[in-house]
Amino acid sequence: MIMFNLLYKNISRYIHLSEEEFSYFSAPFQLKNFKKKEVVLKEGDYCLFEGFVLDGCFKIYYLNESGFEQTLYFAVEGWWITDIDSLINDVPSILNIEALMDSKVLMISKKDKTELYETMPQTEKLFRMMNQQASVALQRRILSLTGKTADKRYLEFLQKYPGLEQKLTQQQVASYLGITHEFLSKIRKRISLEK
């Protein structure tokens, strides 16, 4: 099916599966549609899924001690959504996952993923390699937040998520950058004057 083409392309970056193997691998995935502002995972709930974004956009965020929203990342087409800590360690999630627009996701349950690990060894290699890439991305995100100016973080955001800024509110972009939306306005103005 066409909806599985993007998933096949994504996993082919890590492992090779025959058509028959991919059919077996993809069988447990279910297509889910989410409306704009629909919550996929709420803080305090247990994460029992991983989702592959076919279309749309999600924000993965938490509320800090002051009650302000801090966006960890945006998941767009070809990205995965989950709370890996909750999923692996069976603890309540501290993250929230919300659709920022109508979106389509291929979801696999924790139970089905575990069964794939047992019946299809390549699956374990696939998710191990994907987790390594996610760890690298997280490390880069932490280094950016702690060691770069807001201007540089904004430019990195534009590079990492081309075209997404036009689909997000200024508040959502500011939350990702760890700044106020007023400060984001100043950065945008400053950068536009430098061009």
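Reply: Happy to! Let's start with a definition: a charge sits over a ring if NZ of Lys or CZ of Arg is within 6 Å of the ring centre and within 35 degrees of the ring normal. Keep in mind that this is a predicted model.

Me: Over which ring does the charged end of Arg141 sit?

Reply: The distance from the charged end of Arg141 to the ring centre is 3.8 Å. The cut-off for such a placement is 6 Å. The ring is that of Tyr176.

Me: And over which ring does the charged end of Lys113 sit?

Reply: Here the charged end lies 4.1 Å from the ring centre.

Me: What kind of aromatic pair do Trp80 and Phe127 form?

Reply: The structure holds 17 aromatic pairs. In this one, the centres are 5.8 Å apart and the planes make an angle of 75°. Planes over 60 degrees apart set the class, so the pair is edge-to-face.

Me: How many residues apart in sequence are the parts that this pair ties together?

Reply: Trp80 lies in strand E6, residues 80-81. Phe127 belongs to helix H5, residues 121-147. The pair therefore links parts whose separation in sequence is 47 residues.

Me: Which element supplies the largest share of the largest nonpolar core?

Reply: That core has 19 residues, and Leu7, Phe25, Phe29 and Leu126 have the most contacts inside it. Helix H1, helix H2, strand E3, strand E8 and H5 each supply at least two of its residues. The largest share, 3 residues, comes from H5.

Key:
Residues are numbered from 1 along each chain as its sequence is written. This is a predicted model: local features need pLDDT of at least 70, side-chain atom pairs count only at pLDDT 80 or more; totals for chains, interfaces and linings use all residues. Side-chain values use heavy atoms; hydrogens and water are left out. Rings of Phe, Tyr and Trp (its six-membered ring) pair if their centres lie within 6.5 Å; planes under 30 degrees apart count as stacked, over 60 as edge-to-face and the rest as tilted. Helices (H or I, at least four residues) and strands (E, at least two) are DSSP runs, numbered from the N terminus. A nonpolar core is a set of buried Ala, Val, Leu, Ile, Met, Phe, Trp, Tyr and Cys residues joined through side-chain atoms within 4.5 Å. Buried means under 20% relative accessible area, exposed over 50%, partly exposed in between (1.4 Å probe, protein chains only).
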